[in-house]
Amino acid sequence: MANPDGRHHVEKTKNYCWRGTSTGVDLDRNFGWEFGGKGSSKPESLVFQEITSDVSFDAFFSFHSGINHIYIPYSDTKSRQLKRVPDNIQEMLRLAAQLSRCTKYKYRFGTSHQLINYTADGTIFDYMAGIQKIPFSFTVELWGKQHQGMSCFDLFNPKSDELQKVVSNLHPLYINIIRYLSEWKSRNIAKMTNPYSERPSMVLGYMLLGITASVSAMICLHRKFRNCPKIYTHQRIVSLKTLSSSFPAKNL
């Protein structure tokens, strides 16, 4: 759980419209992407920042509730003015289109500034796309219902007797995410091997074959003509155990 003290605050106060930490910081909008204040000012935000800096992720999903929308970056004020979109926009739109129709809930999808009439600076999914360059970064509003009364509880949460059914209805969403990303990963591995073909490149294989043939020919010639200068010299083999005993541990 990313925001335990915020949850404790909600349970204690019964203020189901609360969306921050216990001190009121919205962790969803606390990141250093077109942010007026100090991005990642909370330890919870720093965890996400450090993990995504240390590990190369293919996708990031921020799941919410309140409406049936799939948001693609960017949502900040400057990006809206510039009409800026992520580098991987076409692939993201294809995945969003697939997700929008894979469950019984129909989702609207598109860039954030196209779907909503306000901007949000410093969001986590903008940061993941713009700073960390994660190829797929989404905010998905999984479930929503017409708001009634003074409490936000019914806006963000299904009724207890409907919860299991809602969770089951959402299951195809996760299956489609994993399947699409797996296929995308396979396609990109093939392109990395040979950017001009869908099939794996044979260039590396030919290079290895040529090197092997050359070495084999040199060995054969050396054995046939003993007077040729040696192409190699005998070298002493030193084990790691011997090497480790020869130097202080701090120098290794």
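Author: We will go from the overall fold to single residues. Keep in mind that this is a predicted model.

Reader: Let me start with the fold. How many helices and strands does the chain have?

Author: Count 10 helices and 4 strands. Then read their order from the N terminus: α-α-β-β-α-α-β-α-α-β-α-α-α-α.

Reader: What share of the contacts joins residues at least 24 apart?

Author: Take the contacts between residues at least 6 apart in sequence. Of these, 69% join residues at least 24 apart.

Reader: And what share of the residues is buried?

Author: The chain has 252 residues, and 35% of them are buried.

Reader: Which residues form a nonpolar patch on the surface?

Author: Look for Val47, Ile51, Val55 and Phe57. Together they have about 310 Å² of accessible area. Find Phe57 in the loop between helix H2 (43-54) and strand S1 (59-64).

Reader: Is Phe57 exposed, partly exposed or buried?

Author: Partly exposed, because its relative accessibility is 32%.

Reader: Now the charged residues. What is the idea behind a salt bridge?

Author: Side chains of opposite charge can pair when their charged atoms come close. This structure holds 8 salt bridges.

Reader: Which residue does Lys185 pair with?

Author: Its partner is Asp58, with the closest N and O atoms 3.0 Å apart. This pair links distant parts of the chain, 127 residues apart. Lys185 sits in helix H8 (residues 163-193), and Asp58 in the loop between H2 and S1. Both ends are partly exposed: Lys185 has a relative accessible area of 36%, and Asp58 has 28% relative accessibility.

Reader: Which residue forms a salt bridge with Asp26?

Author: Arg19 does, and the closest N and O atoms are 3.1 Å apart. Asp26 counts as buried because its relative accessible area is 17%, and the limit is under 20%. There is also a network of salt bridges here, which links Arg19, Asp26 and Arg29.

Reader: What about Asp76?

Author: Asp76 meets Arg84 in a salt bridge, at 3.7 Å from N to O. Asp76 is buried, with a relative accessible area of 0%. Arg84, at 22% relative accessibility, is partly exposed.

Reader: How far from Asp126 is the nearest side chain of opposite charge?

Author: That side chain is Arg84, 7.7 Å away. Asp126 has no salt bridge, although it is buried. A salt bridge needs the nitrogen and the carboxyl oxygen within 4 Å. Asp126 belongs to helix H6 (residues 124-130). Set aside its neighbours within four places in sequence, and its contacts include Trp33, Pro73, Tyr74 and Asp76.

Reader: Tyr74 is on that list. What kind of peptide bond runs from Pro73 to Tyr74?

Author: A cis bond, with omega near 20 degrees. Tyr74 is in the loop between strand S2 (69-72) and helix H3 (77-82).

Reader: What else can backbone angles show me?

Author: Glu34 has a positive phi of about 50 degrees. You will find Glu34 in the loop between helix H1 (4-13) and H2. It is partly exposed, at 28% relative accessibility.

Reader: Where does Lys83 lie?

Author: In the loop between H3 and helix H4 (89-100). Lys83 is not a glycine either, and its phi is positive, about 55 degrees. Lys83 counts as exposed because its relative accessibility is 69%.

Reader: One last topic, annotations. Which residue does the UniProt annotation "active site" cover?

Author: Glu141, according to an unreviewed UniProt entry. An annotation like this may be inferred rather than shown by experiment. In the model, Glu141 is part of strand S4 (residues 136-141).

Reader: Is Glu141 buried or exposed?

Author: Buried, since its relative accessible area is 14%. Leave out residues up to four places away in sequence, and Glu141 touches His64, His69, Tyr71 and Tyr107, among others.

Terms used:
Residues are numbered from 1 along each chain as its sequence is written. This is a predicted model: local features need pLDDT of at least 70, side-chain atom pairs count only at pLDDT 80 or more; totals for chains, interfaces and linings use all residues. Side-chain values use heavy atoms; hydrogens and water are left out. Helices (H or I, at least four residues) and strands (E, at least two) are DSSP runs, numbered from the N terminus. Buried means under 20% relative accessible area, exposed over 50%, partly exposed in between (1.4 Å probe, protein chains only). Contact means heavy atoms within 4.5 Å. Patches are made of residues with over 30% relative accessible area and no salt bridge: like charges are joined within 9 Å, nonpolar side chains (Val, Leu, Ile, Met, Phe, Trp, Tyr) within 5 Å. Accessible areas come from the Shrake-Rupley method with a 1.4 Å probe; for residues, only the protein chains shown count as cover. Lys and Arg count as positive and Asp and Glu as negative; His and the chain ends are not counted.
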